[in-house]
Amino acid sequence: MLQQDTDDAAIQQILSAYKRDLEVELKSEEDESDDGSEQSEEGGAVKQKEDSDDDDSDDKGEEDIFAQLDDHTIGKPRTDREKELMSLVFGGKSELVNNLLGKKGQDEDGEDSEEEDGGSVAKPKRKAAWQDSDDERDEDYREKKSRLEMKATVRKQRKNFEKIVGQPKWADLDREREVDSDDEILKTVGHVVKGKSSELAKGEIELKRLKNLNRETKNEGEITAVNFHPTSMVAVMAGKNGLASIVAVDGTKNEKLHTIGLKNFKIACCRMTPDGNEVLFGSFRKFYHVYNLISGASNTLQLKGDGAWTMKNFDMSKCGKYLAVTGGYGEIHLLDGRSKELLTTIQQKNCCYSLCFTPDSKYLLCNSQDNDVSIYHLEKRRFVNVFTDEGCVNGSCIAICPSGRFVATGNRQGIVNIYLLEKILKEKYPSPEKTISNLTTSIGSMAFNATSELLAIASPELPDAVKLVHMKSGTVFRNFPMMKSALGHVTRVQFSPGGGYLALGNRESVVSLFRVKHYENY
């Protein structure tokens, strides 16, 4: 477009010069022929008209071009002199028109070709004539140079490594892949998979609080017993209001299955038989109740034997063969677990506050009101040892782990000692393996889990006075109980048969339920 404007300006300049020369020539001719005849003028006019007509007849297209160029009222050539000057300047009318038309068509063809090609015309790639030092300061140039240098460095290091070490096996894509347990972990999407260890780690324990176990009842009164069924996901809870509730354990609904009401009977102790068929309820009276979970029948049985003893505190052996009941003056009554007949009465020095059987049903351990712990051999029917509980003034509780290795004794001073069973069978003054002093009030309840890795201890004297002990390290878990857990005054602690659940009963007639995530089983 710019080139076309330049050409038009040049043409206009030439035409203006031509017009000035023509006017000068015409003026000189008029001065020479002032007294000429009219005939000569008419003849010249006729001749000029004939010449112009001949030119018009030769090329009518040329008149159109001159009409377009006649923007400044340029006169048409009227004499031979004018034609000669025009030919010298423009090279002839036909050549001027052809040049103008040819250039215009070339420009239009060029524009059309560029539009058809989408404005991109392929040009041959040319080699740079020189190297500009300013290009090295350009970011793209430096980035490209850095990538090339990095690739060269990597290739060099790889060759040096292969020369010294050789090609590693993992770099061989055609190798046979070995089975790796880590591959399964790496395939897992989501949270980081924690490696499941067979042993419970110390420090913190993963617990989840579930719905209260007696959420549909809450009428048992002060909870005195919590028992889990050995095979079914069922629990039995009893309290001093004389009510016992049987619920299904699922952690979400905990639906009530049945309620047992015992009128004028404050349930002080409750035990389930090892086979899970019967539940025994004891109180401060001379009789006790037996409820059959299979048939739903309930029987009231009288205590046989002399003495004012009651079923306020008793325990059953793991084999179901023996039933031991504490008396009021240091005696311990041993009954047959099936027929409930009295087998023998054991007398010790001080009143017995707590007792338990070893897992093999071979020994009976009795914790008295002082610092002595008696061990009774059930087959030999005699005491085999009486040892002194270190640091104890008044004993209050005793428990043995399912593996039969550890024995835990609790006292009214809030101290829990953990002994090896093999030591207390022989030594008079054994040293405890571990001592737990995190509680400061009387220990009211203790329980081991199924794997003997956990020990739960509780005191009913203060709210939230409960701890979980890691047996291997002898330390308590620092994240239990949780802040503002509102556990109340815990009176009973109990684990489910597989250790997956932990139940805490309190004086406020609430049984809290926790899921121990380390153990998958019920």
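**Notebook: surface, charges and salt bridges**

I began with the surface: the protein chain exposes about 31500 Å², and carbon and sulfur atoms supply 48% of it. Accessible areas here come from the Shrake-Rupley method with a 1.4 Å probe; for residues, only the protein chains shown count as cover.

I noted the ground rules. This is a predicted model, where local features need pLDDT of at least 70 and side-chain atom pairs count only at pLDDT 80 or more, while totals for chains, interfaces and linings use all residues. Residues are numbered from 1 along each chain as its sequence is written, and side-chain values use heavy atoms, with hydrogens and water left out.

**Entry: the whole chain**

I looked up the secondary structure and found 8 helices and 28 strands. Helices (H or I, at least four residues) and strands (E, at least two) are DSSP runs, numbered from the N terminus. Of the 522 residues, 39% count as buried. Buried means under 20% relative accessible area, exposed over 50%, and partly exposed in between (1.4 Å probe, protein chains only).

**Entry: salt bridges**

How many salt bridges does a search of the whole structure find? I got 5. A salt bridge is a side-chain nitrogen of Lys or Arg within 4 Å of a carboxyl oxygen of Asp or Glu. Side chains of opposite charge can pair when their charged atoms come close.

I checked Lys472 and Glu199: their side chains meet at 2.8 Å, N to O. Lys472 lies in the loop between strands E24 and E25, and Glu199 in the loop between helix H7 and strand E1, so the pair ties together parts that are 273 residues apart in sequence. Lys472 is exposed at 60% relative accessibility. Glu199 is partly exposed at 43%.

Next I took Lys240 and Glu222, whose closest N and O atoms are 3.9 Å apart. Lys240 sits in the loop between E3 and E4, and Glu222 in the loop between E1 and E2, so this pair ties together parts 18 residues apart in sequence. Lys240 is partly exposed at 35%, and Glu222 is partly exposed at 25%.

Then I looked at Glu433 and Lys423, with closest N and O atoms 2.9 Å apart. Lys423 is in helix H8, and Glu433 is in the loop between H8 and strand E21. Glu433 is partly exposed at 34%, as is Lys423 at 29%.
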